Amino acid sequence: MMAYVHSFNQKTWAEELDFVLGTKDKMQWMGRDTNISGLPLSTMVTYMPLSNEEKLELYKNLMSCVMTVVTDKTVFILMWLIIVFSQDEGDLNGTPLRIKNSFVTMLMRYLLQKRGTNIDTDMNMVYNCIGVLPRIAKTFTRIKDSMKC
């Protein structure tokens, strides 16, 4: 879901495609008819096989993760690692928690170095965005389930 959030935060559909497409996909895209242009994820949401209420919910959830800090690929990777190592927070030996805390510290130091300001707002936005990811995932699961024959 972080890939959708990162894409949604890009300025143009071309930047979104650059992020999500692999090398072969990019080559295929470059070979397309030049009259065909891309669409940003924000527009694609309107064409998804969801009810209007579900589309609005997805859009609102994605909008709650709109923040300039997420456009930074380093922040994206660190957020992703924090999420991965948050999965086993009930682990008795605490290793995943220590690893997660190390990535949180790295993210805080990185933001402090890059932004040079009080990072509390940025970190709150990051944690709020991470909290919204399960709702975004639920919507994409509904789409996947609706595509099954």
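**Disulfide and pockets of a predicted model**

The torsion about the S-S bond of C65 and C129 is about 110°, so the disulfide (a pair of cysteine sulfur atoms within 2.5 Å) is right-handed. C65 lies in the loop between α5 (52-63) and α6 (73-84), whereas C129 belongs to helix α8 (residues 120-147), so that the pair, 64 residues apart, links distant parts of the chain. This is a predicted model, in which local features need pLDDT of at least 70 and side-chain atom pairs count only at pLDDT 80 or more, while totals for chains, interfaces and linings use all residues. Residues are numbered from 1 along each chain as its sequence is written, and side-chain values use heavy atoms, with hydrogens and water left out.

**Disulfide**
- The structure holds 1 disulfide, with an S to S distance of 2.4 Å between C65 and C129.
- C65 is buried (under 20% relative accessible area, with a 1.4 Å probe and protein chains only), at a relative accessible area of 0%, and C129 is likewise buried, at 0%.

**Largest pocket**
- About 240 Å³ of space lies in the largest pocket, a pocket being an open set of points on a 1 Å grid over the protein atoms alone, where a 1.4 Å probe fits, with protein on both sides within 12 Å along at least five of seven lines, and lining residues having an atom within 4 Å of a point.
- Its lining includes W13, E16, W29 and M44, and the largest share, 4 residues, comes from α2.

**Second largest pocket**
- The second largest pocket has a volume of about 160 Å³, and residues including F8, E16, Y59 and M63 line it.

Note on methods
Grid points are joined across faces, edges and corners, and a volume is the space filled by probe spheres set on the points. Helices (H or I, at least four residues) and strands (E, at least two) are DSSP runs, numbered from the N terminus. Buried means under 20% relative accessible area, exposed over 50%, partly exposed in between (1.4 Å probe, protein chains only).
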